Amino acid sequence: MKKIMMLFSAALLLSSCSRYYVSSLESSTARKSEETGAFIFENDTLAVTYNFNGENAPISIEMYNKLNEPLYIDWQKSALIKGDKAVSFLGRTVSFKAGTSGYSMNFSNDKAFNDLTFYDAALKGSATLPEEISFIPPKSRISKTLLKLAEAHNYKSLADSVYKKSFISLNDRPGIWAKAATFSPQNSPLSFKSYLTVYTEQENKRKNFSLVQDFYLSGLIKSFVNPKSMTLLEQKPGNIFYNSESTGYGKAMTGVAIGAIVVVGAAAEASQPVSK
């Protein structure tokens, strides 16, 4: 039994073996806060703050209305733009309903038919996404978390030649050596834009204007250490996010370990004394 538990623990450990990608962003049109790492665009009408911190880069936008009249954000006409493809920020509540039915057949030890059971199951609910129009009262702010950015890029497509050996500081133990790459706006493998449509209403007339901010991937770290242990993520900077993938080694070794558990378990069972 002790051997089985040891092998089971090893399987759990190996199955969690992941490769992490830690990404840093820069912008040519928005100012990056030295304190928070978030990106800020500001004019006489409003201030917009972008924060990408977290797993898979959730896009959080905070908007402050400087005017003495309301502002409105039209999410239907706002989008994340990557290359020539645009993904709308629009969302709505989507109701869903599903059902399933079937039967199961039970047999006795001598494989004779014993029982027949019918079943039915139903599932219903709703998924809520951002509303079409957001209202910002005068001298106030709103915050929205919209799409996730990390799914827009395939990190595996980058050649190993773009990486260099780099030392990464950790919070809870000595630092490590990892692979790191830096990019300029010209050679960055990922660049995108945020396009926001904002408007005011005066005498029942709508006055539209748009805001466009550019962002690009400026740094990338590839390692097997969880980014939550890295010093550069300790303060949760708004320009840094991460994502992960399971490695083939972890998957393969998990299979080996589970196979060993089965073999050892069978041997242990066979070695047990037969009760009289």
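Strands are DSSP runs of E with at least two residues, helices are DSSP runs of H or I with at least four residues, and both are numbered from the N terminus. S15 covers residues 191-202 and runs antiparallel to S7, to which six bridges join it. Two strands count as paired if DSSP finds at least two bridges between them. This is a predicted model, in which local features need pLDDT of at least 70 and side-chain atom pairs count only at pLDDT 80 or more, while totals for chains, interfaces and linings use all residues. Residues are numbered from 1 along each chain as its sequence is written, and side-chain values use heavy atoms, with hydrogens and water left out.

Strand S7, residues 71-82, also pairs with S11, residues 133-136, in the antiparallel sense over four bridges. Here Leu71 stands opposite Ile136. A further antiparallel partner of S7 is S8, residues 85-88, joined to S7 by four bridges. Lys85 in S8 is the bridge partner of Lys82. The hairpin of S7 and S8 has two residues between the strands, and Gly83 takes a positive phi near 65° in this hairpin.

The protein chain as a whole contains two helices and 17 strands. Of its 276 residues, 36% are buried, that is, under 20% relative accessible area with a 1.4 Å probe, protein chains only. Among contacts (heavy atoms within 4.5 Å) between residues at least 6 apart in sequence, 68% join residues at least 24 apart.

Note on methods: Buried < 20%, exposed > 50% of the residue type's maximum accessible area, 1.4 Å probe, protein only.
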